[in-house]
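Colleague: I am new to this structure. Could you take one interface and go through it closely?

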Amino acid sequence: MALQDLRPMMERCSSCSGCKFIPFEKIQSVRFAENCPSIGYYNFHTYAARGRFQLSQSVLDGRTELTETVTEAIHSCTSCGLCDVTCKITRYNLEPLAHNLEQKAYAVEKGAVLPAQKTIMETLAKENSMIPGTKKKNRTDWAKDLNLKDLFKEKGEIAFFAGCKYSYDEKLQKTAQDAVRILQHAGVDLGYLGAADNCCTGRAKQMGYFKEFDKGANTNIKAFEKAGVKTIVTPCSDCYNSFKRQYAELGMEVEVLHVVEYIERLILEGKIKFSKSVPMTVTYHDPCHLGRQGEKFEAWEGIDKKIFNQIHIYEPRKPRYNGIDGVYDAPRNILKAIPGVNLVEMERIREYSWCCGAGGGCSQTLPEYSAWTAGERIAEANSTGADALVTACPWCKDNFTDAEDEDGNKMEVLDIIDLVHKAI
Amino acid sequence: MESLKKKLVGIVGARNVIDNRDVLDSYSKDESFATPMKPWFVVKPENAAQVKELVKSARETETPLVPVSSGAPHFKGDTVPSVPQSVIVDLSGMNKIISVNRQQRMAVIEPGVTYDQLQEALAKEGMTLAVSLRPRANKSVLTSVLEMEPRLNCIHQFNYTEPLRCSEVTFGDGNQIYTGEAGNGPKDLQTQWDLGKWQVMSNGPNMMDFLRMVMQAQGSMGIVTWVSLKCELLPSIHKMYLVPAKKSVDLEDFLYKVVRVRFSDKQFIMNKACLASLLADSKEDIAKLKSELPAWVSAVGISGDILLPEMKVSAQEQDIADFAQDCGLQFLSSLPGATGEEVLARSIGTCEGKHWKQTAKGAFQDIFFITTLDKTSVFINAMYELAIEAGYPTEDLGVYIQPQHMGTSVHLEFSLPYDPENTKEAKMVKALYTVASEKMSSLGGYYARPYDIWANIQLKKDAQSYKVLQDLKGIFDPSNIMNTGKLTLK
Amino acid sequence: MALAREVYQAFEDIVGNRNISEDIGVCETYRSIPSQTSAHYGPSKEWTPLPQAVILPGSTEEVQNIVKICNKYGIEFKAGSTFWATMAYIGGDNAVQLDMRRMKSIEIDAKNMAAVVEPFAIAGTIQAEAMKVGLNVQIPGVGCSSSTLASSSGWAGFGPASIFMGANPENLLGAEWVLPNGEILRTGSLGSGDGWFCGEGPGPSTRGILRGIFGPAGSMGVCTKIATRLHPWPGPKQFRTYGKAPAYKADFGDNFKCYTLCYPDWESWARSVQYFHESDVLYIGHRQFNMFGRNLKAFMLNIITDPEKQLSDLPELLKDPEIQKHNDNMKHDYQVVIAGMTKRDMEYKEKAIDYILEQTGGWKHEMMLEKEKHDYALAYMTRLGHKNLNYVMCGAYEGTFGLSGNVWKTIQVVEEASAQKRKWETEHTCIAATGGDSAMGGVSSLGGGGATGWEFFTNFDSYELESVQGTSDMVDENQAFHNKYAFGPDFCRWNSDVRHVNGYSYTQEEHDEMFAKAPQPWIYAYQYKIREAVNPNHLCGSYLRTLSPGKLEGK
């Protein structure tokens, strides 16, 4: 697939503004009606999916060069995929997310990248991490006291995959450690890849570095295979999406679970029981890559054709990712199961949840914009009256932690694992 | 003067050019405080072609024209010439009902058609026209709608201009066009009807709306020679209920509730002085009624026509009664001194001869403007205070609140009856009228129909609108011949 | 041709450097491609001109200052809000594009049933805010992603709910308007600071030059704020839905019903419409789902109401005799919503519908009574959030014919129009073959009834040049039909006299040539004179139809 291949899609977009708002039926207020952080922050039409389609046409036709502004516009897509959901509400055959990623890949191919992306990708190449300044040799330090099996050395089927953020970010490591302890406490025989634990490279793909993603993904797939992994458990939503969707597309057949899915399962099986009350009102943020992009991959091979002269169909019918089968209920069921926790919902939830701003590498490449995006969510969370904002992704949590809304208000931010740990 | 007469005679014929002193005198003044000014001639055109010629000719001779359609008496000063050497264009003779179409619920009428004349013709087809409060029998329907006299039913006032739709207008530059939908077709009604076009849509005809150039204009932009009107079905059941209250403010929530859900077919609030005047035929009766009636009454009409009328009326009766109860009010078919039936009949019927507001004391001065219902008590309180200060008997002060445009605003009307023979009282009322008009404006009262001194008050508050209005006047009446002197700052 | 530096700087000084761009990539995304939207001058793949800069004003004052700079330097400008319709885009080379996106506030006066809104307040957000206080806003047929300010002040503005809520020109109260000469005009009661409640007067209404049957489509300055009348909403404070995307369904309570009413023939169809025009029964009335065509609508309804289905399921569904029966039963149809303000009111409205059906021989469509389909249709009709299904089949649609006005006239010609479209479906491949009749539109385009606003949805592929060109050719042929029955320009050509197909404005000479032939040409001459008064430098393109008065005065 190349950007040019998406030309029909670009030219079948009808400029309807569906890519600028949450599904219209879900709008509850003017304050929280919009869906796209990129146009929300930059404001120019260019930054919404419609503008991006049009930008691609112009670039491909040679009218637009990849200027600094264009480069920033292209890479400011957090690849959250909400425009993809909202577009498909009425445009079943358009895929803005696929386009936006291809657009980024095109820019990367042409060398139109953001300065911070270069540093990140150098770190990936050298240290197999998405976080500049980190070293491969320290990657598994977070797990050293956890009794995790090295699956290359000991037999085991379930691999815990912390991901770069949990592995290296000292503020977050405890959450990953608690996740492991919770699962272990419930009797899960948990291992990890030890020295073969590397970046999932999903975030590289989100930034348009497709080749680097492919390389990393294929290496990891082989590693999982070699280690005999049957199930991957990850507390990171980006990693979850990589394994569940992207790796599956590359042929990986391993079961992929986010920690919340596993914890929910263990609660239902009676293996996790809550003994402490956590009296607080919380609201839950659906991470993009766990929610709408957490749908499983379905292979399709076929053709698109026209019937009745001009009606486009796929033969055979093509799987449609419209975000509805992501992981939404598991985290909510966990929260509801914790004694004392009162869950209140924000206006933008589930398949139309607002992005935290970290996606697409933006928390690292365009920090001011990313912080604004997070601040918007803090405002929304605060509007519910909740005491804390709970999420299930280290990138989201980190981005929310220091974020402020337009009035300078912050909010306590928790990973759902933190709450589970408190309650056990 | 003679050459002008000759020209006028050439256009409308000798019998339609009047320079009889008494006639000219009668057109030189009205019942308001407007300064009298005698016109040179009164002309009575018989058709739109003559009107067009009159305007063209007046442009050439720079003769001011004052269009008049209703019969006397007049009350707002708009038909009194503001400048010398004016010619009154009396359109009352053009009184044809050009068409009535039941299928489209449309009627097309000339300026001289009166309410009774039109209602009779419409009733034959099972229709009626939404009316303003108890119009005079010789009131021109065209003038009434063109000057946006508020209708008793705001619920069907989808457009501010309802029930007015299209028109034929000769602007002051001598050009004649159709406005609204009619302006898009051939300039001939019969041809338009043959094409299935019934002058239904008021906006336009194109990217501007020329009806709005002549509405509320007091004839200062052009002369309208027909209008099309959206009609209603004639009710088969028609009732009116009365909701009494001690203060007007007590009725606000009730009226908001009724209007919001679009129940009722008429809805207004009056104080007892106004209601007594509406109902009574003599001073004595008015006085008697004032002693019997509650201080304030909200009148609510309910009707049904062809679609399950009994069920509709019954449902609304019960629901509106519930609303009243929710507001701690009574929903009654009669009050001491008045039945709903009487109020309804008086409201929608016409009054012969004098205006019903003249009954109390022989003359009256109105102050009316637009505001919102929730602000009316501020104006009412201020008006009572001013009346007391001026020594005006507050028990005579009439108040009428008419929701309009589906309830987004109200027409608030104060009436100050006075004895025209009592110079002192007349002077006091004139002074009160002046002071109160200023005061109402300063409180946010909006003179959308800026008659007489209100033009000055209103336009001074809005320099940009005035500037644009002057630009428009320059376009549509470049020689400033149309009711010259009206709607200008002094 | 870039803007002179001092001009760019002047603009930047007004809005700040974050809110202006002359980057080629940004400017390129402010061009419209008529085949990809509703241009109303026919589908074409030509792009509108490239703006010299894009400016994002944040207030009326900023707009005014921008317009003053434009006047000073003779730069054309045009404001757009959602950038959906082609009319929002500039029509010349020496022009800047104003994007009103930063101005989206909504203030509601619940008591007096009005909302004061800025340009980028879309109907969907206004409705959401209004519902919190038991009110609703009229959403034009184009859908809830449209700017209410634009539909009120700049274009047509009628929709499915117009029968109950009026069209947006009817709902327009006060307006704040930056004239093309840079002055600010506030219409009606707003001008004197008395409030937004009345948009008319004082005396003759300057609102009359703000808009007519259509608005000037951005050719007369920039409306920065308007008040629009709101309407009762007897439903929940939130637009409550259930079900999975994309088939969200309404959960409003028992006082809402959505029916597809069907009739044996057009005559009974029209009689029923007349009943509704003459009563206060309907909350919403629209021939909606016929947009998928007479042959496909029931099948498409089975797709769009089911989150699991997609267009690829259409061939299989077409084999289902049950659905075919349903399709046959909805030939002469329209959708209605009734809303009970009270329990008694609901009972009356239900009975009234039964009575009308009895009188006209009509019926409620059975399939559309199924709970999920009913609830879907109710959500669809109420928010019009799914209106972009217009485009789902092929990527593009245009409305053609446009049998607006007298319903009794419309029904006499609808079958002939259908046959003409069907001919193009069978003899050509440019448009989707959906069954000829794809006429859709409001039961009334006016408050309280009186006129329909119909168009035939014509689906084509905006990617394929042959499909685009073929559709355009079909519309040309349809114009002859329009001429024959005096319907004026085809719906698809409403704007063909205000912008060239290549996206550029017409010259005055070209307009003179066109409008001198109008049946009442003075209308265009007055529009010329008014433009001269407030837009002496002709800075907003040629959407305003004007005729040099000299052409009529023999000069």
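Modeller: What follows is a look at the interface of chain B and chain C, and then at chain B itself.

This is a predicted model, in which local features need pLDDT of at least 70 and side-chain atom pairs count only at pLDDT 80 or more, while totals for chains, interfaces and linings use all residues. Residues are numbered from 1 along each chain as its sequence is written, chains are lettered from A and ligands numbered from 1 in the order in which they are written, and side-chain values use heavy atoms, with hydrogens and water left out.

Start with the pairing. Two pairs of chains are in contact (heavy atoms within 4.5 Å). Of these, chains B and C share the most contacts. Chain A and chain B have no contact, and their closest C-alpha atoms lie 22 Å apart.

Now the interface. On chain B, 94 residues are in contact with 89 residues of chain C. The two chains bury about 7700 Å² between them, 60% of it on carbon and sulfur atoms. Buried area is the accessible area (1.4 Å probe) that two parts lose on being put together, summed over both.

A salt bridge is a side-chain nitrogen of Lys or Arg within 4 Å of a carboxyl oxygen of Asp or Glu. Glu278(C) forms one with Arg102(B). Their closest N and O atoms are 2.6 Å apart.

Which elements of chain B touch chain C? Those giving two or more residues include strand S8 (164–171), helix H11 (309–326) and helix H16 (463–476) of chain B. Helices (H or I, at least four residues) and strands (E, at least two) are DSSP runs, numbered from the N terminus. H16(B) gives the most to this side, with eight residues.

Past H16 of chain B comes a segment that holds Gly485(B). Gly485(B) counts as partly exposed because its relative accessibility is 22%; the class runs between buried (under 20%) and exposed (over 50%), with a 1.4 Å probe and protein chains only. Leaving out residues up to four places away in sequence, Gly485(B) touches Ser82(B) and Lys490(B).

Last, the domains within chain B. Their bounds come from an automatic or database domain assignment. It gives domain 1 (2–90), domain 2 (97–233) and domain 3 (237–442). Six residues of domain 1 of chain B are in contact with eleven of domain 3 of chain B. These two domains bury about 690 Å² between them. Across their interface the rule finds zero salt bridges.
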